[in-house]
Amino acid sequence: MPPLVGIILILLFLALAVASRSVGVMKGLGFTFVVLPVGAAAMTFPTAFISWGGFELKSAITPLVQIILLGMGLTLTLDDFRRVFTMPRGVILCCVLHYTIMPLGGWCFAHLFGLHGAVATGLILIGSVPSGTSSNVISLLARVNVPLSVTVTAVSTIISPLITPFAMKWLAGAEVPIDAGAMMVSILKMVIVPLLIGLTVQRLLPGVAQRLVRVLPYVAMFAICTIIGVTIALSREQLLSVGLAVFAAAACHNASGYLLGYWGGRLSGLNETDARTCALEVGIQNGGMATGLAFNVLHSPAAALAAATFGPWSAITSSALASWWRKRPSNHEPQTTQPE
């Protein structure tokens with residue numbers, strides 16, 4: 001990308017980020033417009049996102065993902081897990097739909113758009129990770145079943161050390177070698193340990209947890225921007241050659257998650273509110289975790305391209321979907337909030 005064009009795009013996206021704080025139709029897209037200038041900067045000045053003074057920035061990806069998951073743990077309580085027993089149908093159904101629709105969708109769209117090797121593996125990887133934590137905020141904005149959303153995110157994350165490596169070995173093993181054992185260990189260290197630490201702090205030191213929760217969203221935003229910037233900088237050449245195909249595949253993957261998640265819920269008997277919640281839980285993925293696994297286990301920046309594309313795009317689409325549903329509230333009360 002020519003430097004002048006890159007600088008113009010950076011300034012344009014920064015202006016949109018500022019405008020999103022005051023322009024009604026753009027509210028909820030502020031984070032997306034912060035990510036976009038980072039992406040443009042990484043494409044224009046890639047060396048600035050690769051190393052600083054001899055320190056390779058990709059080494060910071062795992063700690064940054066751990067900080068994001070620590071923040072998630074600080075917002076959870078034991079009640080979020082007890083809901084598995086008070087609303088088992090909704091939680092189990094959402095998790096089953098999530099871990100079938102999205103991994104299979106990643107495989108299908110990778111082949112449909114002619115992606116191969118590490119890039120195709122990355123699309124399957126973003127489909128094989130748990131629900132993204134942003135789904136909880138989007139559920140609140142959409143006025144759907146927030147307790148169900150929080151519980152599904154927590155449960156899908158807790159079971160990911162078992163399901164994610166299996167899905168990758170099964171669906172992506174033909175593209176690149178997959179060490180399921182190493183992936184399981186990496187998920188435990190990168191995701192589950194900080195999540196449990198956050199839960200413990202929230203349980204034993206609630207005052208400390210509350211103070212940290214006020215700061216960590218901004219730290220998480222910085223972490224996600226850094227992860228995306230490093231990924232784009234390291235995969236710049238692949239992005240220039242297959243970027244359009246990756247974007248199209250990720251967009252279709254995301255849309256199929258919403259559509260099949262919603263109709264899978266409705267056809268399985270969930271009411272309108274819970275089906276909308278299911279759509280968000282299926283369609284929004286944990287991009288930070290996918291990026292961490294791409295670097296730590298697959299050792300491939302190209303495998304992180306799908307996550308770097310899927311994340312910002314899903315932020316735009318989920319915000320738009322939340323706005324649409326907020327203006328068209330369901331007449332149903334969330335059935336799954338009551339014991340069954």
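**Exercise 1.** Which residues lie nearest the centre of the second largest pocket, and how many residues line it?

*Solution.* First, a word on what we're looking at: this is a predicted model, where local features need pLDDT of at least 70, side-chain atom pairs count only at pLDDT 80 or more, and totals for chains, interfaces and linings use all residues. Residues are numbered from 1 along each chain as its sequence is written, and side-chain values use heavy atoms, with hydrogens and water left out.

Step 1: On a 1 Å grid over the protein atoms alone, a pocket is an open set of points where a 1.4 Å probe fits, with protein on both sides within 12 Å along at least five of seven lines; lining residues have an atom within 4 Å of a point.

Step 2: read off the lining. It has 22 residues, and Leu 36, Ile 232, Leu 239, Phe 247 and Thr 309 lie nearest the centre.

Step 3: sort by class. You get 18 nonpolar, 4 polar and no charged residues. Here Ala, Val, Leu, Ile, Met, Phe, Trp, Tyr, Cys and Pro count as nonpolar, Asp, Glu, Lys and Arg as charged, and the others, Gly among them, as polar.

**Exercise 2.** Find where Arg 143 and His 299 sit, and say why each counts as exposed.

*Solution.* Step 1: Arg 143 is in the loop between helix H7 (134-142) and helix H8 (146-158); helices are DSSP runs (H or I, at least four residues), numbered from the N terminus. His 299 is in the loop between helix H14 (287-296) and H15.

Step 1: Arg 143 counts as exposed because its relative accessibility is 53%, and the cut-off for exposed is over 50% relative accessible area (1.4 Å probe, protein chains only). His 299 counts as exposed because its value is 62%.

Step 2: check phi. Neither is a glycine, yet phi is positive, about 60 degrees for Arg 143 and about 55 degrees for His 299.

Technical notes. Helices (H or I, at least four residues) and strands (E, at least two) are DSSP runs, numbered from the N terminus. Buried means under 20% relative accessible area, exposed over 50%, partly exposed in between (1.4 Å probe, protein chains only).
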